[in-house]
Amino acid sequence: MNILLWILQILLAVLCIAGGSFQIFEIEDLQKTVAAMRELPRGLWAVLGAVQCLGGLGLILPGLFKVLPTLTAYTATVVAVVTVLISS
């Protein structure tokens, strides 16, 4: 079960980092295809993308280095909140 949780954490972290970096660096392409992305300013999308990238790192690094492993739960909560904010 522990291996399955690590695999799921790594997959979620990769998705968060990839999505956040795409949101930061390719915002023009996203704004062309997704109408909802035109409503908020570019700077806010960049901040949300940075939070998403940091959240991806926060899902993996505390457990990997065994430093503040409870930080992973807080990071997962932040990632969930950012995901809800982005999708609404």
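**Note on the helices and the H3–H4 loop**

1. Leu68 is exposed, as its relative accessible area is 58% (exposed means over 50%, buried under 20%, partly exposed in between, with a 1.4 Å probe and protein chains only). Leu68 lies in the loop between H3 and H4 and has a positive phi of about 50°, although it is not a glycine. Most residues other than glycine have a negative phi.

2. This is a predicted model, in which local features need pLDDT of at least 70, side-chain atom pairs count only at pLDDT 80 or more, and totals for chains, interfaces and linings use all residues. Residues are numbered from 1 along each chain as its sequence is written, and side-chain values use heavy atoms, leaving out hydrogens and water.

3. Lys66 is found in the loop between H3 and H4. Its phi is positive, about 55°, although Lys66 is not a glycine. With 70% relative accessibility, Lys66 counts as exposed.

4. H3 and H4 pack at an angle of about 155°, with their axes 9 Å apart (axes are lines fitted to C-alpha atoms, for helices over the stretch in contact, and angles run from 0 to 180 degrees between N-to-C directions). The two helices are therefore roughly antiparallel to each other (angles over 145 degrees). Residues making the contact (heavy atoms within 4.5 Å) include Trp45 and Leu48 of H3 and Val78 and Ile86 of H4.

5. In H1, Ala13, Cys16, Gly20, Gln23 and Ile24 are buried. The buried residues of H1 pack against H2 (27–33), H3 (42–65) and H4 (71–87); helices are DSSP runs of H or I with at least four residues, numbered from the N terminus.

Key: Parallel < 35°, antiparallel > 145°, perpendicular 65-115°, else oblique.
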